[in-house]
Amino acid sequence: MSLQGKHIVLGISGSIAAYKSAVLTRLLIKKGAEVQIVITPAGREFITSVTLSALSGKPVVSEFFAQGDGTWHSHVELGLWADLMVVAPATAATLGKMANGIADNMLITTYLSMKAPVFVAPAMDLDMFQHITTQRNLETLQRDGVRIIDPATGELASHLEGKGRMEEPEQIVAILEQHFSEKSDLAGKRILITAGPTYERIDPVRFIGNFSSGKMGFALAEECAARGAEVWLITGPTALSLSHPAIRRIDVESAGEMHAAALQTFPEMDMAILSAAVADYRPEQMAKRKIKRTEGEGLSLTLIPNPDIAAALGHIKREGQLLIGFALETDNEEVNALRKMERKQLDFIILNSLRDEGAGFGHDTNKVTILSRSGTKRSFELQTKKEVARNIIDTTFSSSQIIY
Ligand code: CTP
């Protein structure tokens, strides 16, 4: 019963789907949650406060001032009271106001005062949902840490078929329950993760890079955030996106940029996991203009070493900080990995061998062995990167609790 005793602010805006909010309220109450409804003026056109207050057992908040006695409804207090806010249905207008801070009703002021995680369940016609403005607002909200409960595809109020139907109340409740059931053994921890490849420019159109997809680092970031950590993810160029709001993404291109961002962030961290495939070398010069082809002639580039980020962090690491690196090896794997751990002053090294099928760059799976400075070794079978991420955190963080 993960919703038992939880304080939930349910925001309702003006959509035909508002009738589903009555069902949602009833389900939340049945699960043991306390529900405070905040409705917009347009929302009241679709469902009455009498129905909603009867179901929630609390007066519905809509105006800044209570009618009659002029008592002020405090959105600030609601922001502190709530364990979670969910806006369902969230219309295009409400999403736009949330994304831009247009605080002209009680629902938006409550959102702006909210200290708890916020979910939105959009409901609108398919054209409105697909419109570039709505999509931009959703992207903004996602970047701001709001979680979007994707609308379903089906028949809409306009009798058209398409994406825009508010997710069913049962599904919304399941998503909220999932949120509260996430493990929180990393709560209060700050974790730095590097991910992806780095690109080293040769000229304005060419670079030296590698095939890293960033998937392992992104899976680690999601796992740490789901377990309650605050995550800083410094990533090289990748097509991947994130879903957890507690992940701060810092996009970089080159090893130099990643090095600078990591050095700046690391002092405040409890732990750093370095999964980036950092280019070891970069061109000595970056040509200002595109290098032109000369018929029949080769081209030589002089490469100079990039900074070793892991070693730099190992050098400034203070007591209590945990440093975890990866080793991608093709031969003599374990010996090479142990040497790397020593050289970079890592506490753990995650070894993957390119000789194992399904391990390494680009795959959704990985096969790892986790070696520790204190001499322990754990080998895993081929697993999804999500499972590998969980095992890495379980092994490194849990045992670190004992060592430190
Ligand atoms: N690493 C880093 N900065 C670098 C190179 C590597 O932070 N410039 C980190 C990687 O993120 C990884 C670990 O160091 O956690 C080992 O990376 P790897 O490429 O296997 O090791 P290298 O030191 O580059 O050694 P080699 O390429 O010779 O195997």
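User: What percentage of the 404 residues in the chain is buried?
Analyst: The model is a predicted one. A residue counts as buried when its relative accessible area is under 20%. Of the 404 residues in the chain, the buried share is 48%.

User: How many helices and strands are there in the chain?
Analyst: The C-alpha trace of the chain spans about 80 × 60 × 40 Å along its principal axes. Within the chain there are 13 helices and 21 strands.

User: Among contacts between residues at least 6 apart in sequence, what percentage joins residues at least 24 apart?
Analyst: A contact requires heavy atoms within 4.5 Å. Taking the contacts in the chain between residues at least 6 apart in sequence, the share that joins residues at least 24 apart is 67%.

User: What span is expected for helix α8, and what does the helix reach?
Analyst: Helix α8 covers residues 169-181 and has 13 residues. At 1.5 Å a residue, the expected span is 18 Å. From its first C-alpha to its last, α8 comes close to that expectation, reaching 18 Å.

User: Why do the buried residues of α8 lie on the same side of the helix?
Analyst: The buried residues of α8 are P169, I172, V173, L176, E177, H179 and F180. They are on the same side of α8 because the arc they cover around the axis is only 155°.

User: What is the relative orientation of α1 and α8?
Analyst: In α1, residues K20, V23, L24, L27 and L28 meet P169, E170, I172, V173 and L176 of α8. The two axes come within 9 Å and cross at roughly 45°, and the crossing is right-handed. An angle under 35 degrees would count as roughly parallel, and 65 to 115 as roughly perpendicular. The orientation of α1 and α8 is therefore oblique.

User: What is the relative orientation of α10 and α11?
Analyst: Helix α10 (residues 255-265) packs with helix α11 (residues 309-316) at an angle of about 20°, their axes being 10 Å apart. Angles under 35 degrees count as roughly parallel. The two helices are therefore roughly parallel.

Key
Residues numbered from 1 in each chain as written. Predicted model: local features only at pLDDT ≥ 70, side-chain atom pairs only at ≥ 80, totals over all residues. Heavy atoms only, no water. Helix = DSSP H or I, 4+ residues; strand = E, 2+ residues; numbered from the N terminus. Expected span 1.5 Å × (residues − 1). Buried < 20%, exposed > 50% of the residue type's maximum accessible area, 1.4 Å probe, protein only. Arc of directions from axis to C-beta. Axes fitted to C-alpha atoms, helices over the stretch in contact; angles between N-to-C directions. Parallel < 35°, antiparallel > 145°, perpendicular 65-115°, else oblique. Left-handed = near helix turned anticlockwise from the far one by under 90°.
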